[in-house]
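Subject: A structure to look through

Dear colleague,

Here is the structure I promised to hand over. Please have it open beside this message while you read the notes that follow.

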Amino acid sequence: MTDVNQSVASDFILVGLFSRSGSPQLLFFLVAVMFIMGLLGNTTLLFLICVDSRLHTPMYFLLGQLSLFDIGFPLVTIPKMASDFLQGEGSISFGGCAAQIFFLTLMGVAEGILLALMSYDRYVAVCHPLQYSLLMRRQVCLLMVISSWLAGVLNACIQTSITLHFPYCASHTVDHFFCEVPALLKLSCADTSAYELALSTSGVLILVLPLSLIATSYGHVLGAVLRMRSEEARHKAFTTCSSHITAVGLFYGAAVFMYMVPGAYHSPHQDNMVSLFYSLITPTLNPLIYSLRSREVWMALVKVLRRAGHRAR
């Protein structure tokens, strides 16, 4: 009990990302620019989906939820990291560390499941276009979103409570720029091997099951595309799916490295880089990936800008 009380009473020290860089000011500037771009991009995309009736479709409804996750991911980590750099310190309270673990694990699992469910949407759009409005009706879309959120909350509650139940009576210096479960477990003065094994096993299941759904969905999509005789239809199907495949590759590529590759095969510095990738770079790129190929998004943006121009006059 004394050990647990000691871990609760003490702050943790985060080893900032910038302290490892030879040019911390340049890296800080790049991170700040990407953070602002990501927030603007995802907020703009979410706003367009809400205000333009042409974007009130199942695909864009799910994409709006993805934008919410991509807004939340950087907000949990980047402002704290930037504040620590500007103030020259890296302390975080026990409660703050718990909040970071909870929200990051929530959004990580929820986004992974949502991306898998979005692949089903693309499968229905390409393979069963005549039944799309029935198979992807509003109730189904709401069930998809609620399921992803519930899975994220359940995972976050379990991981946060178990991780912070361990006593942290030795070093409180976390070799990471935010509180992440693997980095925190290294500081515990209790035996965490059983929990780490369970964590790895659950991580594999959380990754493999959605990836199986994605592979199955796009296997059927590929078969349907190859059977299409029209070059225009093939191009439309490819355009419809390529943005989602790119987003899946970015998200799951980083997740597989972090949670399926044994910790002995990657260093803390590599963990920091991969974490920066999925917590900042991927959320920044997603709105660009989905909007650059979408004529509907560009038309909605032009419409909003024209309205703003008329009001200004």
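Does helix 3 pass helix 6 in a left-handed or a right-handed crossing? Before the answer, please keep in mind that this is a predicted model. Helix 3 passes helix 6 in a right-handed crossing, and the axes of the two helices come within 10 Å and cross at roughly 20°. Because angles under 35 degrees count as roughly parallel, helix 3 is roughly parallel to helix 6. On the side of helix 3, the contact is made by Pro58, Phe61, Leu62, Gln65 and Phe69, and these meet Cys141, Leu142, Met144, Val145, Ser148 and Trp149 of helix 6. Sorted by class, the residues of this contact are 9 nonpolar and 2 polar, with no charged ones.

Helix 3 (residues 58-87) also has a contact with helix 4 (residues 94-127), where the axes come within 10 Å and cross at roughly 155°. Since angles over 145 degrees count as roughly antiparallel, this makes helix 3 roughly antiparallel to helix 4. The crossing in which helix 3 passes helix 4 is left-handed, and the contact between them has 15 nonpolar, 5 polar and 5 charged residues.

The next topic is the nonpolar cores. The largest nonpolar core holds 61 residues, of which Leu63, Leu115, Met118 and Val126 touch the most other members. Several helices give two or more residues to this core, among them helix 2 (24-51), helix 6 (138-163), helix 8 (193-227) and helix 9 (231-259), while the largest share, 12 residues, comes from helix 4. A second, separate core has 19 residues, including Phe94, Cys97, Ile101 and Tyr168. As general background, nonpolar side chains in soluble globular proteins tend to be buried together.

What is Leu115 in contact with, once its neighbours within four places in sequence are left aside? Its partners are Leu66, Ile214, His244, Ala247, Val248, Phe251, Tyr252 and Tyr290.

Finally, please look at Asn155, which has its place in helix 6. Is Asn155 buried or exposed? Its relative accessibility is 12%, and because buried means under 20%, Asn155 counts as buried. Leaving aside the neighbours within four places in sequence, Asn155 is in contact with Thr105, Val109 and Ile206.

With best wishes

Methods. Residues numbered from 1 in each chain as written. Predicted model: local features only at pLDDT ≥ 70, side-chain atom pairs only at ≥ 80, totals over all residues. Heavy atoms only, no water. Axes fitted to C-alpha atoms, helices over the stretch in contact; angles between N-to-C directions. Helix = DSSP H or I, 4+ residues; strand = E, 2+ residues; numbered from the N terminus. Parallel < 35°, antiparallel > 145°, perpendicular 65-115°, else oblique. Left-handed = near helix turned anticlockwise from the far one by under 90°. Nonpolar A, V, L, I, M, F, W, Y, C, P; charged D, E, K, R; others polar. Core = buried A, V, L, I, M, F, W, Y, C linked by side-chain atoms within 4.5 Å. Buried < 20%, exposed > 50% of the residue type's maximum accessible area, 1.4 Å probe, protein only. Contact = heavy atoms within 4.5 Å.
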